[in-house]
Amino acid sequence: MLDTILITLLIVAICIVLLGVKVFFVKGGRFPNGHVSGNKAMHDRGIGCAQSQDREAQRKSRFSIDELEKALNDSMN
């Protein structure tokens with residue numbers, strides 16, 4: 001039982017070290033940005049994360065006041 005736990009901990013430790021080679025052994029190293037907005041190919045295609053797209057959509061007004069007034073006047077006539 002103890003042998004299994006020790007072997008498991010050793011495997012997990014090796015995996016963490018291998019996943020973090022760039023972070024641990026390269027000066028100024030850091031984990032790569034895995035976020036959609038950090039991907040250049042996605043940015044070139046105009047694709048962003050859902051939160052960014054939602055925030056941008058909420059910032060844009062669907063109609064200006066003039067367009068709303070015109071639409072209301074047209075619908076009443």
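Tutor: Let us begin with a single residue. L18 is exposed, because its relative accessibility is 59%; buried means under 20% relative accessible area, exposed means over 50%, and partly exposed lies in between, with a 1.4 Å probe and protein chains only as cover. The model is predicted, so local features need pLDDT of at least 70 and side-chain atom pairs count only at pLDDT 80 or more, while totals for chains, interfaces and linings use all residues. Residues are numbered from 1 along each chain as its sequence is written, and side-chain values use heavy atoms, with hydrogens and water left out.

Student: Which helix holds L18?

Tutor: L18 lies in helix α1. Helices are DSSP runs of H or I with at least four residues, strands are runs of E with at least two, and both are numbered from the N terminus. V12 also lies in α1, but V12 is partly exposed because its relative accessible area is 41%.

Student: Which residues make the nonpolar surface patch?

Tutor: Patches are made of residues with over 30% relative accessible area and no salt bridge; like charges are joined within 9 Å, and nonpolar side chains (Val, Leu, Ile, Met, Phe, Trp, Tyr) within 5 Å. Areas come from the Shrake-Rupley method with a 1.4 Å probe, and for residues only the protein chains shown count as cover. Here L10, V12, I14, I16, V17, L18, V21, F24 and F25 make a nonpolar patch of about 870 Å². Two elements, α1 (2-19) and α2 (21-25), each give two or more residues to this patch, and the largest share, six residues, comes from α1.

Student: How many salt bridges does the structure hold?

Tutor: A salt bridge is a side-chain nitrogen of Lys or Arg within 4 Å of a carboxyl oxygen of Asp or Glu. The structure holds one, formed by K40 with D44, whose closest N and O atoms are 3.2 Å apart.

Student: Where do K40 and D44 lie?

Tutor: An α-helix has 3.6 residues a turn, so residues three or four places apart point the same way. Both K40 and D44 lie in helix α3 (residues 40-44), four residues apart, about one turn of the helix. K40 counts as exposed because its relative accessibility is 61%, and D44 likewise at 54%.

Student: How many disulfides are there?

Tutor: A disulfide is a pair of cysteine sulfur atoms within 2.5 Å, and the structure holds zero. C15 is partly exposed at 39% relative accessibility, whereas C49 is buried at 11%.
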